[in-house]
Amino acid sequence: MTIQAAELPRTGKSRSMTLPSARRLLLWTGLAVLLAWVLVPIYFVALGAFGGRLGVFRWPKTIWPADLSLAAMTQFLGIEGVFNALVNSLIAAGLTVVFSILLGAPAGYALARYTFPGQNAYRLLVLLTRAFPLAILALPLTVSFIRFGLYDTPFGVSLIHTVLALPFAALVTQSLFMGIPREYEEAAWVFGCTRFQAFMKVVLPLALPGLAATAIFAFVISWNEVFAASILTVRERTLTAYLLRILSESPLHYRFAGGFILIIPSVLFIFAVRRYLFAVWGIASK
Amino acid sequence: MPARTSWIPYALIAPSVIFLGALFLVPLVQTIWLSFSAGDGFSLGNYQRMASDLNFSLAVRNTFLLTLVVVPLQVVLALAMATMVTKLDKGRDLVLWVLTIPLGISDLAAGLAWLALLQNTGYLNSALYALGLIQGPVGWLSQETPWALFFAIVLAELWRATAIVLVILIAGLQLIPKEFSEAAEIFGAKPWTRFTRITLPLLKPSLQSALILRTVLAFEVFAVVYALGGRNFPVLAGEAYVWQNDNQNYGVAAAYAVLIMAISLAATAVYLRALRTRPEQLP
């Protein structure tokens, strides 16, 4: 009440006195619905993952957790191929991070620090990838991957995932480096550093948090990708490819366990990069 | 002081150019070439086989239907979310974090999460049973209930991919100067007028990139559909997968890929034209 009374002379409108609390109630109701909309399916798939066979077929269900156990999850991880798929997913995602940073960051640095003929053509190439359904390009790669021995390896999968993550990495690192004043580097040159030393000692430490966020995005892009990973693997499947393959024949609680394992890193990662999310997407969506 | 042109920038971009050339441009050309070569020389055989397949017209219809329903709904939902979030001062970060969680969730996992809700003995049926609306478990995701299955896929897609639209729109909203809206308020513009006359036009570049990104992704929708309905609901990318992996016919799979790419490019071109922003309209 005191706050409203204090605001009264400033706004001078009687309408603004009564509306805010009603509006705020409406706002928070709406937000509560939206938060539930996001969280409830995750909660239910978690119940399915830890409920085991009994839990999945219980009828009618209660929304409260009942007889949860780790047994269902350990059973799932014990199935032949699941652990291997998990490892393959981690390898592919790790390699995607390495490749997209190693290839993307230098390009981002070049775009940020230099003006050179052909720069717009390069930007166009990067943006062009946006207009194509990239995962589909895995289809013709099967043949050449078999020829080069890349087929059915996490390494091969990571190559196509890098195509997905690289344009993103280049654009984000570009703006990252643009945010670091050129003068810092020039000062290091004055003190006798080579260009490379100046970059390693001055620019890199400043860019590190942003680079870490870019790396996490690359990881998530690879971890989540289904289509290309399924096309390019047979025995050394990634977790997504494995789950897709067993969809039709595996019992429901195994599918939920797999879905839950897929979701966990995403939730943690989005939490880790939440400060960078909007900056990154503001840039990447231009 | 712009740096003098030297070999350095070229050396820096060269690795990524070579990489994108080898793994983006080459497969792109390969796909097109593969789709036109059945037997010997140029032929439309693959396309004829694709078009005469039983599932083809269904897949085209379903993919378009999904895109036309999901993408506009996502934009509206994301706009509503963004407007609500910008009104918050307390708890804003937490709310944003929760709302953006689906951003990192795989389409396959999203399909499985909704499967937990919608399966025969799932939570939706339990709720309906508790309300006395159904007598026992009911199947929603089978071939006999195509519209319920369609609706389930729409829900899962809305759940999973609205977050990306939200993030792009919020990033765009942050670029709009507050003064414009405040000025309009002083001249007596109602909230709705301010939204349609100021926020929306200034948000056009962000809307454009969100729409392009989402539409391209919507045309390659695949894993959500498979997780919920298997092959009960054919879509274009799913058919490409089946021709490649199950039928081992790379030519027809390539024809599907070219079709998906052509549709995506056409959609991108439409958005670029329809939502053009002249430089003088930028804030």
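How far apart do the end C-alpha atoms of residues 12–36 of chain B lie, and what percentage of the span is helix? In this predicted model, those end C-alpha atoms lie 37 Å apart, and the span is 96% helix and 0% strand.

**Chain B and its annotations**

That stretch is one of several that UniProt marks in chain B. An unreviewed entry there gives the feature "transmembrane region" for residues 12–36, 56–82, 94–117, 147–171, 211–229 and 249–272 of chain B. Another of these spans, residues 147–171 of chain B, is 100% helix and 0% strand, with its end C-alpha atoms 35 Å apart. UniProt also lists, again from an unreviewed entry, "domain: ABC transmembrane type-1" at residues 60–271 of chain B. Here is how the annotated stretches of chain B look in the model:

| Residues of chain B | Distance between end C-alpha atoms | Helix and strand content |
|---|---|---|
| 12–36 | 37 Å | 96% helix, 0% strand |
| 147–171 | 35 Å | 100% helix, 0% strand |
| 60–271 | 20 Å | 76% helix, 0% strand |

Taken as a whole, chain B has 13 helices and zero strands. Its order of elements from the N terminus reads α-α-α-α-α-α-α-α-α-α-α-α-α. The C-alpha trace of chain B spans about 75 × 70 × 30 Å along its principal axes.

**How helices pack in chain B**

Two helix pairs are worth a visit. Helix H5 (residues 107–118) of chain B packs with helix H7 (residues 146–173) of chain B at an angle of about 130 degrees, and their axes are 9 Å apart. That angle makes H5(B) oblique to H7(B), and the crossing of the two is right-handed. On the H5(B) side, the contact involves Asp107(B), Ala110(B), Gly111(B), Trp114(B) and Leu118(B), which meet Ala152(B), Leu155(B), Ala156(B), Trp159(B) and Arg160(B) in H7(B). By class, the residues of this contact of H5(B) with H7(B) are seven nonpolar, one polar and two charged.

The second pair joins helix H2 (residues 45–52) of chain B and helix H13 (residues 250–274) of chain B, which pack at an angle of about 80 degrees with their axes 8 Å apart. H2(B) and H13(B) are therefore roughly perpendicular to each other. Here Asn46(B), Tyr47(B), Arg49(B) and Met50(B) in H2(B) meet Gly251(B), Val252(B), Ala254(B), Ala255(B) and Tyr256(B) in H13(B). The contact of H2(B) with H13(B) divides into six nonpolar, two polar and one charged residues.

**Where the chains meet**

Next, the contact between the chains. Chain B contributes 83 residues and chain A contributes 78 residues. Which helix gives the largest share of the side of chain B that touches chain A? Helix H1 (residues 8–35) of chain B does, with 17 residues. The side of chain B that touches chain A consists of 61 nonpolar, 18 polar and four charged residues.

**The domains of chain A**

Chain A is assigned domain 1 (18–69) and domain 2 (73–284). The centres of these domains of chain A, taken over C-alpha atoms, are separated by 32 Å. Their contact draws 11 residues from domain 1 of chain A and nine residues from domain 2 of chain A. On the side of domain 1 of chain A that touches domain 2 of chain A, six residues are nonpolar, four are polar and one is charged.

Terms used
Residues are numbered from 1 along each chain as its sequence is written. Chains are lettered from A and ligands numbered from 1 in the order in which they are written. This is a predicted model: local features need pLDDT of at least 70, side-chain atom pairs count only at pLDDT 80 or more; totals for chains, interfaces and linings use all residues. Axes are lines fitted to C-alpha atoms, for helices over the stretch in contact, and angles run from 0 to 180 degrees between N-to-C directions. Helices (H or I, at least four residues) and strands (E, at least two) are DSSP runs, numbered from the N terminus. Angles under 35 degrees count as roughly parallel, over 145 as roughly antiparallel, 65 to 115 as roughly perpendicular and the rest as oblique. A crossing is left-handed if the near helix is turned anticlockwise from the far one by less than a right angle, and right-handed if clockwise. Two residues are in contact if their C-beta atoms, placed from the backbone, lie within 7 Å. Ala, Val, Leu, Ile, Met, Phe, Trp, Tyr, Cys and Pro count as nonpolar, Asp, Glu, Lys and Arg as charged, and the others, Gly among them, as polar. Domain bounds come from an automatic or database domain assignment. UniProt positions are given in the numbering used here, feature names are shortened, and annotations may be inferred rather than shown by experiment.
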